[in-house]
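Please look over the model shown here. The report below takes up helix packing, then charged pairs.

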Amino acid sequence: MPSWRFAQEIVDVGSGRMKIRFAVTPPAEAMHESQFDDYLAACETLGFDTIWLSDIPLGPLGDPLVSLAYAAARTTKLKLGMNVVPLGRNPLWLAKQLAQVDRLSGGRLLISLVPGLGQPTERAALGHATGDRGKAIDEAIGLLRSWWQGDGVTAEVGAYHYDNVRLSATPLQDPLEIWLGGLGPQALDRVARLADGWLTAAATPAEAAAGRITIEKRAAELGRVIDADHFGISMPYAWSEPPAAALAALRQRRSDGDISQILPIGEQSLESLLRAHIDGGITKFVLRSSLSDDWRADLTRLADLVLPLQT
């Protein structure tokens with residue numbers, strides 16, 4: 001059960017300036033067509049803020065944008081979040097699709113642009129076998145925002161030629177925000193220059209807090225302000241020790257191999273890590289289970305622990 005003292009402390013901290021929100025990433029079995037409706041209903045009934053899907057082009061699941069379009073029709077309050085890999089997509093079609101999902105959902109779409117996993121086979125499949133993926137994302141952001149603002153776009157992007165092309169239907173949200181991730185110096189600078197928010201991953205509380213400070217400082221130098229509520233992290237969690245393969249995959253994301261402050265195991269560990277991140281100014285959490293034998297029981301247990309902390 002949650003620590004109610006901890007919950008009240010977080011509410012007191014957040015009542016004046018921060019909105020703490022929790023999103024969940026469904027396990028693979030919950031994404032199956034026989035389970036997805038039930039999963040969406042459970043998330044909305046329990047009171048989670050967002051369902052969050054990741055775009056993994058060579059992964060086993062389908063296109064998350066299609067899944068979110070379906071979710072838009074099956075829910076009324078649940079926000080719809082997605083890590084989008086813009087590489088390999090026609091920027092015009094991507095702009096239209098995202099705008100359409102935002103309109104169909106009543107303005108519930110949340111997006112974070114990511115460069116993909118960077119594996120040679122994936123890069124080749126996306127038509128970006130070489131080159132600066134960060135620069136490509138910079139270009140995509142400019143195009144998306146121009147179209148969403150109703151501007152005519154004239155540009156050449158690879159094989160695509162746009163001659164004063166406009167969108168007839170822009171997003172319902174104005175603006176439709178673009179968040180970015182990453183933890184390295186270039187990634188943090190890109191967030192400060194271009195993004196509306198930051199969604200990092202595989203970061204300790206100290207690293208996440210330092211990243212937030214770096215972004216805010218650099219944004220101020222550029223005459224920009226990123227809302228204090230717009231700093232988040234994607235976090236795995238487990239109620240008991242995960243399989244060795246899952247632990248090894250997480251360790252590969254860390255140069256030091258240390259995941260002691262990356263993967264909380266058990267309720268007390270998850271509470272403690274959430275407290276540390278919130279103390280560091282992180283308020284948006286995308287939580288994904290490292291053990292998913294029974295997603296219904298897992299989701300209910302998670303809701304009991306973390307949803308009292310939403311403000």
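A crossing is left-handed if the near helix is turned anticlockwise from the far one by less than a right angle, and right-handed if clockwise. By that rule, α4 passes α6 in a right-handed crossing. This is a predicted model, in which local features need pLDDT of at least 70, side-chain atom pairs count only at pLDDT 80 or more, and totals for chains, interfaces and linings use all residues. Residues are numbered from 1 along each chain as its sequence is written, and side-chain values use heavy atoms, with hydrogens and water left out.

**Helix packing**

Helices (H or I, at least four residues) are DSSP runs, numbered from the N terminus. Helix α4 covers residues 91-104 and helix α6 residues 133-148. Their axes come within 10 Å and cross at roughly 50°. Axes here are lines fitted to C-alpha atoms over the stretch in contact, with angles from 0 to 180 degrees between N-to-C directions. The two helices are therefore oblique to each other. Angles under 35 degrees count as roughly parallel, over 145 as roughly antiparallel, 65 to 115 as roughly perpendicular and the rest as oblique.

Contact means heavy atoms within 4.5 Å. From α4, P91, L92, L94, A95, L98 and A99 take part; they meet L143, L144, W147 and W148 of α6. By class, this contact has ten nonpolar, no polar and no charged residues. Ala, Val, Leu, Ile, Met, Phe, Trp, Tyr, Cys and Pro count as nonpolar, Asp, Glu, Lys and Arg as charged, and the others, Gly among them, as polar.

**Charged pairs**

Side chains of opposite charge can pair when their charged atoms come close. A salt bridge is a side-chain nitrogen of Lys or Arg within 4 Å of a carboxyl oxygen of Asp or Glu. The structure holds 16 of them, including these:

| Salt bridge | N to O distance |
|---|---|
| E216 and R212 | 2.8 Å |
| R218 and E221 | 3.2 Å |
| R254 and D256 | 3.2 Å |

Salt bridges that share partners join D138, D189, R190, R193, R218 and E221 into one network.

Helix α8 spans residues 205-221. E216 and R212 sit four residues apart in α8, separated by about one helical turn. R218 and E221 also lie in α8, three residues apart, about one turn of the helix.

How exposed is each partner? Buried means under 20% relative accessible area, exposed over 50%, partly exposed in between (1.4 Å probe, protein chains only). R212 is buried at 18%, whereas E216 is partly exposed at 29%. R218 is partly exposed at 29%; E221 is exposed at 52%. R254 is buried at 11%, and D256 is partly exposed at 49%.
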